[in-house]
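Here are my notes from a pass through this one, written up as a numbered list. Have the structure open while you read.

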Amino acid sequence: MNEPASFVQGSVEGCPDSDLENPPYTPVVGGQLNSGTLCMSAQQKISVHYNLHNLYGLTEAYATHALLKVRRKRPFVLSRSSYPGIGRFSAVWTGDVRSDWEQLRFSIPILQFSLFGVPLVGADICGFGGNTTEELCVRWMQLGAFYPFMRNHNDKPNAQPQEPYVFRQRAQAAMRSALNLRYTLLPFLYTLFHHAHTSAETVARPLFMFPSDPNSQTIDKQFLWGSSLLISPVLEQGAVELAAYLPPGTWYSLHNGQPFYSKGQYLLLEAPLDTINVHVREGRIIPQQEPALTTTASRTNPFFLTVALSAGGWAWGDLFWDDGESVDTFEMQNYCYVIFTAGQSQIVSDPLKLNGELDSLVLGGLQVFGVPSPPRYVLANGEKVRDFTYRTDTEVLTVTGLALPMSKVFTV
């Protein structure tokens, strides 16, 4: 919890009537700063509690992060309380959210923590306080699959458990689909975290990061992963369709490659219980990996690429890869970095930096969105590929059965 908490408000003797105890602005919950904690005028070693309360999360995370020196591996630290700078040492979760639709909606703006230097953030999926429902838990699981930090967390006294297996088969299937999608996207997510570490880019980001589109500035019910994926969750009870805003350009459904051509407008999308709408921005290449039951197992599986061609037939993407636990791999140049480009009817990988971590891993397949006409054949490193299909209705080319080394230049 990372801050002093007390079921006695302030002190058994009460708190003095002072400016510290009664400042001009106080939190809505409790109405007083000493609600659930100590008197603001309580004296600590270097100052009064008023000046130190919000520093507990930061200083505790800093102290716990010393595990790095003990284990020589990256520690995982999770804090509820936060303060500027905590993102260097810790992930953050948002505390005791309620199991209701309003709290589900309110969880999206907190993803803007990335703007404050805290990229690893999330809320308790299905809600922590109160009893969830099957529909709410499914929709929250679909949204939570795109929290940078994801966990389902439940208060012990609640009558309704929240593990996916306690619900009906249809709900289980919907949750499993959302989790599998997240696992396939872990290479892309990990690359986003690399850029957050090296250049302070955001992982989950608000739509107002499209500065040339004034319509995006007030939207808080959708969000992006990097600049490539647009996530549009269902946030209303009973909804089976969704009015989603798509910034100007072409956006492809990650589910089936269907293109949506937007001038900067809301589009009505189907959203049955088993579906969360995720769209890939034109001109982007998303590295993915076949999912397994654990991240350790997933890391050994074949990769595949989702290529979303622009109107001009080009796309770009990248992959950062290391062992996932060593310290300072970027600073010590102990990593792999691969650039993917699409153009002139071919997709090329260009490994710019290699440390051996990709040596045993292969590209197993790819899907290309926005291919205007059926290809007569597909070549991989100059050799014809047998396993490919093309759908004329969605203009999607799917290639399987590849085994191209990720550590070498390849062309498809």
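1. Ground rules. This is a predicted model, where local features need pLDDT of at least 70, side-chain atom pairs count only at pLDDT 80 or more, and totals for chains, interfaces and linings use all residues. Numbering starts from 1 along each chain as its sequence is written, and side-chain values use heavy atoms, with hydrogens and water left out.

2. Cys15 and Cys39. This pair is bonded with an S to S distance of 2.0 Å. The torsion about the S-S bond is about -85 degrees, so this disulfide is left-handed. Both Cys15 and Cys39 sit in the segment before helix 1 (49-52), so the bond ties together parts that are 24 residues apart in sequence. Helices here are DSSP runs of H or I, at least four residues, and strands are runs of E, at least two, numbered from the N terminus. The cut-offs: buried is under 20% relative accessible area, exposed is over 50%, and partly exposed is in between (1.4 Å probe, protein chains only).

3. Cys126 and Cys137. Here the S to S distance is 1.9 Å. The S-S torsion is about 85 degrees, so this disulfide is right-handed. Cys126 is in the loop between strand 4 and helix 5, while Cys137 is in helix 5 itself, 11 residues apart. Both of these cysteines are buried.

4. Helix 5. This helix is mostly covered, with 10 of its 11 residues buried. Among the buried ones are Glu134, Arg139 and Gln142, along with Leu136, Val138, Trp140 and Met141. What do the buried residues of helix 5 pack against? The partners are helix 4 (101-106), strand 4 (124-125), strand 5 (151-152), helix 6 (169-184) and strand 7 (223-225).

5. Arg139. Take a look at this side chain in helix 5 (residues 134-144). Arg139 counts as buried because its relative accessibility is 1%. Leaving aside neighbours within four places in sequence, Arg139 is in contact (heavy atoms within 4.5 Å) with Trp101, Leu104, Val234, Ala239, Ala271, Pro272, Leu273 and Thr275. Its C-alpha atom is separated by 7.5 Å from that of Leu273, 134 residues apart along the chain.

6. Positive phi at Ala200. Ala200 has a positive phi of about 60 degrees although it is not a glycine. The residue lies in the loop between helix 7 (186-199) and strand 6 (204-205). At 66% relative accessibility, Ala200 counts as exposed.

7. Positive phi at Ser345. Ser345, also not a glycine, has a positive phi of about 65 degrees. Where does Ser345 lie? Its place is the loop between strand 17 (336-343) and strand 18 (346-353). Ser345 is exposed, with a relative accessible area of 80%.

8. Cys336 counts as buried, at 1% relative accessibility.

Conventions:
A disulfide is a pair of cysteine sulfur atoms within 2.5 Å.
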